[in-house]
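Load the model in your viewer and keep the selection panel open. The stops below cover a helix pair, then a pocket, then a cavity.

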Amino acid sequence: MLKGNILVIDDEESLRKLLSRIISLEGYKVSEAGSVKEGLRFLDQHETALVISDVKLPDGNGVNLTQTIKSKFPETEIIVLTAFGNIQDAVQAIKNGAYDYLVKGDDNNKIIPLINKAVDKALLQYKIKELQQKLSGNYSFENIIGDSDPIQKAISEAKKVAVTDTSVLLTGETGTGKELFAHAIHHAGKRRSRPFVAINCSAFSKEILESELFGHKAGAFTGAIKDKKGLLEEAHEGTLFLDEIGEMSIELQAKLLRVLETQEFYKVGETKPSKVDVRIISATNRDLEKEAEKENFRKDLFYRIASFQVRLPSLNERQKDIRLLAEFFTRQFSLKLNKKMDKPGSDFIKALEQHQWKGNIRELRNVIERAVILSEETELTTRSLPFGFSDPVNSSASYTLADAEKKHIQKILAHTNGNKTKTADLLGIGLTTLYR
């Protein structure tokens, strides 16, 4: 859609063609239809910014047509054509979603500015829709990489709860992709067109976290020079993602519980409650049930946020997925760093599969990024792995002392990013010995 496609629906051919001619002179692409049926068929086949429709049509009327168009094509704007005396119909059409109405016979000075404004609004709405679709695509469940049974089980459970408004608790080790899952749940649900707001509860002190979540009134504390909207308000009608919720103080847990129970909260320094409609998705790498038993976490809040739990498996449980993830990150960083990197080599993959991933996918991602930066070849090899990775054992490996010494020196060089002086110091040998 360039400047905007416009459809004129009117059974009076002469008036329809005259209006089409006037509009086309402004640079718009104009199409025509003589009936409701013909107009709807056109809209099914073409993305249209604006419909200009007469009220009286042979097989219907513009008032009802407005409601039909807005329900099927919400981004498309409608201007209703009305004769003098049919203003009541035009007003009803506006209630049904029409942008405005035109009285037949009005001069062109009124028509064109109204059309320009309606088209501008429609094009903005189409752009927002396109951005939302791209965003939803980036965060869709289809973009979560993995064929192993543990990750597929987690995806299946998350998909089922996504279409509800139930609170979700995502559990799993650090780096397993909890925020990615939270995004996917939001974008697969009915709140997908509303805000997704995320906060890491471990990143703030109790006082700052309270202000960030609930907002504050001017003068509530030193430095509060103006009213501040909290993240709960920012996420109204959308989703609030509370990462590392296990780090939240007991006092704040009580306030969050009130939000979940009543959909009300108090801003810091405010005496009047504010209403909010928000879905809560939480995440933790701690066992909150055990924490609740120790009274480090409120039991009543735990049962509220854990209405539905999804456990994300560690990377060590997903051996089958390591190759897929490594290949994906290799392509990603090759493009980002403008390197012609085909794929990770077989020995490189074996080394990854033998590694114990304490940092899970986040650690794997960092290892691949570093390897792509260091590599001078078109295939990732074990030479670009960080110090501490074990070479995969294979039948062609050499077990001589000289070969072991060579491999160890290569690893230390990789660890120091090629700094020979530092490498010699770490090895406890002279620089000339290292060169030899």
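**Stop 1: a helix pair**

In this predicted model, select helix α2 (residues 36–45) together with helix α3 (residues 62–72): the two pack at an angle of about 15°, with their axes 12 Å apart. Angles under 35 degrees count as roughly parallel, and α2 and α3 are therefore roughly parallel to each other. Their crossing is right-handed. To see the contact, show side chains for Val36, Leu40, Leu43 and Asp44 on α2, then for Leu65, Thr68, Ile69 and Lys72 on α3. Coloured by class, this contact of α2 with α3 shows 5 nonpolar, 1 polar and 2 charged residues.

**Stop 2: the largest pocket**

Next, select Gly177, Leu180, Phe329, Ile361 and Arg365. Of the 23 residues lining the largest pocket, these are the closest to its centre. The pocket holds about 670 Å³ of space. How does the lining of the largest pocket divide by class? It has 9 nonpolar, 7 polar and 7 charged residues.

**Stop 3: the cavity**

To display its lining, select Ala162, Thr164, Asp165, Ile185, His186, Gly189, Lys190, Arg191, Thr239 and Arg279. By class, the lining of this cavity has 2 nonpolar, 4 polar and 4 charged residues.

Key. Residues numbered from 1 in each chain as written. Predicted model: local features only at pLDDT ≥ 70, side-chain atom pairs only at ≥ 80, totals over all residues. Heavy atoms only, no water. 1 Å grid on protein atoms, 1.4 Å probe; cavity = no way out; pocket = protein on both sides within 12 Å on 5 of 7 lines; lining within 4 Å. Nonpolar A, V, L, I, M, F, W, Y, C, P; charged D, E, K, R; others polar. Axes fitted to C-alpha atoms, helices over the stretch in contact; angles between N-to-C directions. Helix = DSSP H or I, 4+ residues; strand = E, 2+ residues; numbered from the N terminus. Parallel < 35°, antiparallel > 145°, perpendicular 65-115°, else oblique. Left-handed = near helix turned anticlockwise from the far one by under 90°. Contact = heavy atoms within 4.5 Å. Points joined across faces, edges and corners; volume = space filled by probe spheres on them.
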